[in-house]
Amino acid sequence: MLASKGRVSMDLMHLSDWLPTLYGRAGGDVSSLDTDGYDMWPTMSEGKASPRQELVHNIDPKSWTAAIRYQQWKLLVNESKNMFFAYL
């Protein structure tokens, strides 16, 4: 069922993207879903660019640390009591 077989994708994908991806592939109307996920089938199957630009890696309310990725940038909050950006 994949248009482009035998490739490795480095595009961003989140766990929340599986529901719209599988629902859309089964013939459902993804726009009717109330979710933050994206239909990743064109990315997985045809090698198109991922519609996802951001990805939350971690939010820890106990240690007050967090990490979010936006495109090639990663924001780390309260990592050793500091905040810094990392270019990936």
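This is a predicted model: local features need pLDDT of at least 70, side-chain atom pairs count only at pLDDT 80 or more; totals for chains, interfaces and linings use all residues.

Student: Where is Gln71 in the chain?

Tutor: Gln71 sits in the loop between β2 and β3, where β3 covers residues 73–79. Its phi is near 50°, a positive value in a residue other than glycine.

Student: Which residue in the hairpin of β1 and β2 takes a positive phi?

Tutor: That is Trp64, with a phi near 60°. The hairpin has 4 residues between its strands.

Student: And in what sense do β1 and β2 pair?

Tutor: They pair in the antiparallel sense, over 6 bridges. To find one spot in that pairing, look at Ile59, which stands opposite Ala66 in β2.

Student: What do the two faces of β2 look like?

Tutor: Strand β2 runs over residues 65–70. Thr65, Ala67 and Arg69 make up the covered face, while Ala66, Ile68 and Tyr70 make up the uncovered one. As background, side chains in a regular strand alternate between the two faces of the sheet.

Student: Let me step back a bit. How many helices and strands are there in the chain?

Tutor: The chain has 2 helices and 4 strands. Going along the sequence, the pattern is α-α-β-β-β-β.

Student: What share of the residues is buried?

Tutor: Of the 88 residues in the chain, 18% are buried. The accessible surface of the chain is about 6500 Å², and carbon and sulfur atoms account for 58% of that.

Student: New topic: how many salt bridges does a search of the whole structure find?

Tutor: The search finds 3. Side chains of opposite charge can pair when their charged atoms come close. One of the salt bridges joins Asp17 and Arg52, with the closest N and O atoms 2.7 Å apart. Asp17 lies in the segment before α1 and Arg52 in the loop between α2 and β1, so this pair ties together parts that are 35 residues apart in sequence.

Student: Are Asp17 and Arg52 buried or exposed?

Tutor: Asp17 counts as buried because its relative accessibility is 0%. Arg52 is buried as well, with a relative accessible area of 8%.

Student: Which other residue meets Arg52 in a salt bridge?

Tutor: Glu54 does, at 3.3 Å from N to O. Glu54 counts as partly exposed, since its relative accessibility is 30%.

Student: Which residue does Lys48 meet in a salt bridge?

Tutor: Lys48 meets Glu46, and their side chains are 3.3 Å apart, N to O. Lys48 is partly exposed at 47% relative accessibility, and Glu46 is partly exposed with a relative accessible area of 41%.

Student: I also clicked on Ser50. Where is that one found?

Tutor: Ser50 is in the loop between α2 (41–46) and β1 (54–60). Ser50 is buried, with a relative accessible area of 8%.

Student: What does the side chain of Ser50 reach?

Tutor: The side chain of Ser50 reaches the backbone nitrogen of Arg52 at 3.1 Å. A polar atom of the Ser50 side chain also lies 2.9 Å from the backbone oxygen of Leu12.

Student: And which residues does Ser50 touch?

Tutor: Leaving out residues up to four places away in sequence, Ser50 touches Asp11, Leu12, Met40 and Thr43.

Student: Why does Leu22 count as exposed?

Tutor: Leu22 counts as exposed because its relative accessibility is 53%, and exposed means over 50%.

Terms used
Residues are numbered from 1 along each chain as its sequence is written. Side-chain values use heavy atoms; hydrogens and water are left out. Buried means under 20% relative accessible area, exposed over 50%, partly exposed in between (1.4 Å probe, protein chains only). A polar contact is a pair of N or O atoms within 3.5 Å; within protein, one must be able to donate a hydrogen and the other to accept it, and residues adjacent in sequence count only if both atoms are side-chain atoms. Contact means heavy atoms within 4.5 Å. Two strands pair if DSSP finds at least two bridges between them. A salt bridge is a side-chain nitrogen of Lys or Arg within 4 Å of a carboxyl oxygen of Asp or Glu. Accessible areas come from the Shrake-Rupley method with a 1.4 Å probe; for residues, only the protein chains shown count as cover.
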